[in-house]
Amino acid sequence: MGKVSYSPGIEYVQGSLAKPKKQDGHNHGDYLIGTHRTAPTENPNCTRIYIRKGNTYGQNVSKSQESIAARLRFSAVSTAVNTRSKDLTKIAADRAAFLEQKDLPGGRKTMKGYLWKVEGQAYDQQHG
C-alpha cells in the first residue's frame, strides 16, 4: 500500500483534491477525494485517497411508468403547494387547520408539510 508524506506544516488533506470539469451543468469525469479520520487510533495512517468514478448523466436510461408518474405527481403537487401558500383567500383557513392537526398523532409539524399533505391527497383523489 502506498503512503502519503506531507511537507512540514501540512497536517493532513481532506476533501476533493481534483474535480472533473463541468459540461452541460454536470460533472463528467473522476473525482480525487482525500479523507482524514480524526478518531483516536493506534494506526498513524489515517489519511485515505479515493478515486470516485464520474457521473453518467445524459445516458439514455428508460424510465419506468411508475417513475414518470411519481415525477409528474411531484411536479403538480409542488406547483399546487406554492400557489396555495400565496393565495390570500386560503391562508387564514389553512393556518387554522394546520394548528388544529399539528399536535395530533400523524400531524404535520410544519405549515409546508401540511400543505404538501393536503395537496398530495387532493392530487391522489383526482388521479387515483
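This is a predicted model: local features need pLDDT of at least 70, side-chain atom pairs count only at pLDDT 80 or more; totals for chains, interfaces and linings use all residues.
## The overall layout

Let's start with the inventory: the protein has three helices and five strands.

As for the protein's interior, 14% of its 128 residues are buried. If you take the contacts with a separation of 6 or more, 32% of them link residues 24 or more positions apart.

## Helix α1

Helix α1 takes in residues 65-86, which makes 22 residues. From first C-alpha to last it reaches 32 Å, close to the 32 Å expected at 1.5 Å a residue.

Which residues of α1 are buried? They are V77, V81 and R84. Looking down the axis of α1, these buried residues fall within an arc of 70°, so they line one face of the helix. As for what the buried residues of α1 pack against, it's α2 (91-101) and α3 (111-127).

## Helix α2

Helix α2 has a buried side too, with D94, F98 and Q101. Down the axis of α2, the buried residues fall within an arc of 75°, so here as well they line one face of the helix. Their cover includes α1 and α3.

Turned away from that buried side is a face with the exposed residues A92, A93, R95, L99 and E100.

## Where α2 meets α3

A pair of packed helices is described by the angle between their axes and the distance between the axes. For α2 and α3, the angle is about 100° and the axes are 10 Å apart. The two helices are therefore roughly perpendicular to each other.

Who touches whom? On the α2 side you'll find D94, R95, A97, F98 and Q101, and they meet M111, Y114 and L115 of α3. Sorted by class, that contact has five nonpolar, one polar and two charged residues.

The loop between α2 and α3 holds T110. With a relative accessibility of 46%, T110 counts as partly exposed. T110 and F98 are twelve residues apart in sequence, and their C-alpha atoms are 8.2 Å apart in space.

## Helix α3 and E119

Helix α3 has 17 residues and reaches 24 Å from its first C-alpha to its last, close to the 24 Å expected at 1.5 Å a residue. Its buried residues are Y114, L115, V118, E119, G120 and Y123, and they pack against α1 and α2. Two of these names, Y114 and L115, have already come up in the contact with α2.

Setting aside its neighbours within four places in sequence, E119 is in contact with V77, A80, V81 and R84.

Methods. Residues are numbered from 1 along each chain as its sequence is written. Side-chain values use heavy atoms; hydrogens and water are left out. Helices (H or I, at least four residues) and strands (E, at least two) are DSSP runs, numbered from the N terminus. The expected span of a helix is 1.5 Å times one less than its number of residues. Buried means under 20% relative accessible area, exposed over 50%, partly exposed in between (1.4 Å probe, protein chains only). The arc is that of the directions from the helix axis to the C-beta atoms. Contact means heavy atoms within 4.5 Å. Axes are lines fitted to C-alpha atoms, for helices over the stretch in contact, and angles run from 0 to 180 degrees between N-to-C directions. Angles under 35 degrees count as roughly parallel, over 145 as roughly antiparallel, 65 to 115 as roughly perpendicular and the rest as oblique. Ala, Val, Leu, Ile, Met, Phe, Trp, Tyr, Cys and Pro count as nonpolar, Asp, Glu, Lys and Arg as charged, and the others, Gly among them, as polar.
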